[in-house]
Amino acid sequence: WQIPLYLFLGGMAAGILFFAALYYLTGKEKEFRTAVRITPFIAPVLLVLGLIALFFDLRHRLFFWQLYTNIKLQSPMSWGAWTLMVVTPVAFIWSALHIKDLFPDWDWRYEWLRKLEAFFNRYKKVLAWIMLVFGLILGIYTGILLSAFNARPLWNTSILGPLFLASGLSAGAAATLLLSKNPSERRAFSKIDLMIIAAELFLIVHMFMGYLAGTQVQIEAAGLFLGGEYTMSFWIFVVFLGLLFPGILEIMELRRFHIPHIIPAVLVIFGSIALRFIIVNAGQVSRWLY
């Protein structure tokens, strides 16, 4: 369970940081105040919990530091380790710069902390660019980590990277939907989430078309979801409850039907979790024929 949990937490954090950076850099901070200033407080928590889950999955836990003694461009694990090394402190710094939004009376106790805050505020645009770029890398990496395993036919597809990125962005948008009290911001993120849901459905269809047009083992891997043991769980929990149903609810909400925004947001996050758990578990079942 540690790996799918880590993939979900990392993907959602990537989505949150991406939207915060995007709307800050495009000068829409006032319109999307929650996305830029409030929702990012969740990201450091998600990243730390994801790193803890990843740590407990390691067989040789005391040697994790060796990932940071070199850089191997051909290794997905190396990319992931260094991406997390960059994005985690940046997420903490971004949250610290907006701590007064949560605690208006907050005051840094020491002078050096106030100077540090002023320093990072001067280079806030640089921080935003780092968040934007490394948020995208982190989001797509969560899928590439699996697709690099050639021994598992289900994982060995280039679609997993974009699919997991889209799923992480959708979960990040859902987090802002949950926290925002601004109706116009919620409507904007409902529209964003609808576009991402449409992209996810397209990628899922494209992924199965690729499997079915591939080798026998890839056809059998697709069969796990097309009449096999993961058919019900994938199509009900991921596609219907995690994508189609919340998408329909968001369309109804945009058409002025009274739909509590918390319902589609929670369903999207649930679908994002289910996608990781089902893909990871099903991938371990799929194998090459010998």
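## The nonpolar surface patch

Helix H3, which spans residues 42-57, gives the most to the nonpolar patch of this predicted model, with 6 residues. The patch covers about 590 Å² of the surface. Its members are Val-45, Val-48, Leu-49, Ile-52, Phe-55, Phe-56 and Phe-92.

## Confidence of the model

The coordinates come from a prediction, and the protein chain averages a pLDDT of 87. A score of at least 70 is reached by 90% of the residues. Confidence is lowest in helix H4 (residues 76-97), where the mean is 84. It is highest in helix H8 (residues 160-179), at 94. Where pLDDT is low, the predicted coordinates should not be read in detail.

Side chains of opposite charge can pair when their charged atoms come close. The structure holds 6 salt bridges. One of them joins Glu-29 to Lys-124, with the closest N and O atoms 3.9 Å apart. Glu-29 lies in the loop between H1 and H2, while Lys-124 belongs to helix H7 (residues 124-147), so this pair ties together parts that are 95 residues apart in sequence. Glu-29 has a relative accessible area of 17% and is buried. Lys-124 also counts as buried, at 7% relative accessibility. The side chain of Glu-29 makes a polar contact with the side chain of Arg-37, at 2.7 Å.

Another salt bridge is formed by Arg-33 and Asp-101, whose closest N and O atoms are 2.8 Å apart. This pair links distant parts of the chain, with Arg-33 in helix H2 and Asp-101 in helix H5 (residues 99-102), 68 residues apart. Arg-33 counts as partly exposed, at 39% relative accessibility.

Asp-107 and Arg-114 form a further salt bridge, with the closest N and O atoms 4.0 Å apart. Asp-107 is exposed, at 53% relative accessibility, and Arg-114 is partly exposed, with a relative accessible area of 30%. Through salt bridges that share partners, Glu-29, Arg-33, Arg-37, Asp-101 and Lys-124 are joined into one network.

## Helix H11 and the loop after it

Helix H11 runs from residue 231 to residue 254 and bends by about 45° at Phe-240. Arg-256 follows H11 and is placed in the loop between H11 and helix H12 (262-285).

The backbone of Arg-256 deserves attention. Most residues other than glycine have a negative phi, and most peptide bonds are trans. Arg-256 is a residue other than glycine, yet its phi is positive, near 75°. Arg-256 is also exposed, because its relative accessible area of 66% is over the limit of 50%.

How values were computed: Residues numbered from 1 in each chain as written. Predicted model: local features only at pLDDT ≥ 70, side-chain atom pairs only at ≥ 80, totals over all residues. Heavy atoms only, no water. Patch = residues over 30% accessible without salt bridge, like charges linked within 9 Å, V, L, I, M, F, W, Y side chains within 5 Å. Areas by Shrake-Rupley, 256 points an atom, 1.4 Å probe, with all protein chains shown as cover. Salt bridge = Lys/Arg side-chain N within 4 Å of Asp/Glu carboxyl O. Helix = DSSP H or I, 4+ residues; strand = E, 2+ residues; numbered from the N terminus. pLDDT = per-residue confidence, 0-100. Bend = angle between axes of the 7 residues up to and from the residue. Polar contact = N/O pair within 3.5 Å; in protein donor to acceptor, adjacent residues only side chain to side chain. Buried < 20%, exposed > 50% of the residue type's maximum accessible area, 1.4 Å probe, protein only.
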